[in-house]
Amino acid sequence: MSAVAESVEFHLPFDASVIMSILAVGMIVLISWLGTRKLRPVPTGAQNVLESILGYICQLADDMVGPAANKFYPLFTMLFFFILVSNLMGLIPGFFSGTSRLSTTVGLALIVFFSTHFFGIKTKGFWGYVKHWFGPVPWWLKPLMFVIEFISELARPLSLAFRLFGNILAKEIILGVLALLIVLFLPSSEIMLKLMSVVPIVLRPCIVLLGILVSVLQAFVFMILSMLYIGGAIQVQEEH
Amino acid sequence: MVEINLALLVTQVVTFLIAMVIVWKFFWGPLTKMMQDRTKKISSDIERAEDGRRVVESLEAEYHWSLSEIEEQARKEINEAIRKGNHAKEEILQDARKEAQRELEKARADLTLERAQVINGLRQQVSEISLAALEKVLGQGVGRQIQKNLLDEFITEVEQVEKVK
């Protein structure tokens, strides 16, 4: 449930984050359809924009994951677009970001977590993959190393989920509070309160701009870290 | 808000995965494939252009080499022609000189002969005139053969005197 009255969800008796996610997917489909409806060898318009973004993500994946990166193109591109569109949806009055719900961000982080270990084990084999957690240390340090690595592996999805959730929720709360202040101060009969409404009126567009920056940045960070984790799990096999 | 709803989490994951498959299959997959095909095509085009450039360069080098060969050959032939020309010129000049020498010698010989003939003729005439004059002066006939002998003797003496001079 939303904490701010600005959100439509505030007035609904259920969690609408799935609806927001489906809307985000709908927007992604619409953008993709616009960009690919007339595929031309020499791109123009929306195709050009979509190609630039996809090309950049695929290139990053190639650099960070290695030769097997093409298997993960769908995951990385979808992660970026889904998180970006979900984040930006929170800037539209009445809507909220699906990524401002822990259930969504944990879900996304778990997808990355399971993908990392699944493909790590698939590439190297179970014992080969687990052996890496013991590290290149003397035998008596190996149990400690295993515990540290294990905790580190568990911390990764937590950090992914809470970073995204915290940033987006903070943005939503600030925007909601500013909207609430405008609603409270502007209709007031007292001059002082009326004057004070200038602050949220000026501040809100600034926070919206900041929100755009945070939305892009968080989507990018989530995608890059996913590449790093999956790349690390696969490259372990190549090193040995 | 901060709590995790398992049903929501599973729904979000399923939504994400289904959307990922659909969007990749119908939109981004074909687009990425087209981008990769284009990259391959550009690479192969660049490679072909590079091969073409190499062929053109080798042809150009070959052409320059042939051109320099032809120029060298032409230069040799021109020099040979000049040499032959000079040789022929020398031969012609030598022949001409020899011919001129021969002509000159022949002319000299002819001239000497002519001169000798003229001198003989003149001597004949002089002797005849002298005899005629002698006859008139002496008024009587002297033996024709004696006169002639006297005259010849005289002329020979005159010639010897002239030669001594």
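**Figure 1. B:Arg53 and its salt-bridge partners in a predicted model.** B:Arg53 has a relative accessible area of 38% and is therefore partly exposed. This residue belongs to a model that is predicted. The side chain of B:Arg53 meets that of B:Glu50 in a salt bridge, with 2.5 Å from N to O. Both residues lie in helix α1 of chain B, where they are 3 residues apart, about one turn of the helix. B:Glu50 is partly exposed, at a relative accessible area of 30%. B:Arg53 also forms a salt bridge with B:Glu57, at 2.4 Å from N to O. Here the spacing is 4 residues in helix α1 of chain B, so about one helical turn separates B:Arg53 and B:Glu57. B:Glu57 has a relative accessible area of 39% and is partly exposed.

**Figure 2. Further salt bridges in chains A and B.** Over all chains, the structure holds 12 salt bridges. In chain B, a network of salt bridges links B:Lys41, B:Asp45 and B:Arg48. In chain A, A:Lys171 and A:Glu172 form a salt bridge in which the closest N and O atoms are 4.0 Å apart. Are A:Lys171 and A:Glu172 buried or exposed? Both of these residues are buried.

**Figure 3. The largest nonpolar core.** This core has 60 residues. Those with the most contacts inside the core are A:Phe76, A:Phe222, B:Phe16 and B:Trp28. Which element gives the largest share of the core? The largest share comes from α3(A), with 12 residues.

**Figure 4. Surroundings of A:Phe76.** A:Phe76 is among the residues with the most contacts inside the largest nonpolar core. With neighbours within four places in sequence left aside, A:Phe76 is in contact with A:Ile57, A:Ala61, A:Val65, A:Met223, A:Ser226, A:Met227 and A:Ile230.

Figure 5. The structure holds 15 aromatic pairs over all chains. A:Trp133 and A:Phe150 form an edge-to-face pair, with 6.2 Å centre to centre and 65° between the planes. A:Trp133 lies in the loop between α5 (126–131) and α6 of chain A, and A:Phe150 lies in helix α6 of chain A, so this pair ties together parts that are 17 residues apart in sequence. A:Trp133 counts as buried, at 11% relative accessibility, and A:Phe150 counts as partly exposed, at 39%. A second pair, A:Phe134 and A:Phe146, is stacked, with 4.9 Å centre to centre and 20° between the planes. Because A:Phe134 is in the loop between α5 and α6 of chain A and A:Phe146 is in helix α6 of chain A, the pair ties together parts 12 residues apart in sequence. A:Phe134 is partly exposed, at 28% relative accessibility. A:Phe146 is also partly exposed, with a relative accessible area of 25%. Together with A:Tyr129, the residues A:Trp133, A:Phe134, A:Phe146 and A:Phe150 form one aromatic cluster.

**Figure 6. A charge over a ring.** A:Arg37 lies over the face of A:Trp33. The distance from the ring centre is 5.4 Å.

How values were computed. Residues numbered from 1 in each chain as written. Chains lettered and ligands numbered in written order. Predicted model: local features only at pLDDT ≥ 70, side-chain atom pairs only at ≥ 80, totals over all residues. Heavy atoms only, no water. Core = buried A, V, L, I, M, F, W, Y, C linked by side-chain atoms within 4.5 Å. Buried < 20%, exposed > 50% of the residue type's maximum accessible area, 1.4 Å probe, protein only. Helix = DSSP H or I, 4+ residues; strand = E, 2+ residues; numbered from the N terminus. Contact = heavy atoms within 4.5 Å. Phe/Tyr/Trp six-rings, centres within 6.5 Å; stacked < 30°, edge-to-face > 60°. Lys NZ or Arg CZ within 6 Å of the ring centre and 35° of its normal.
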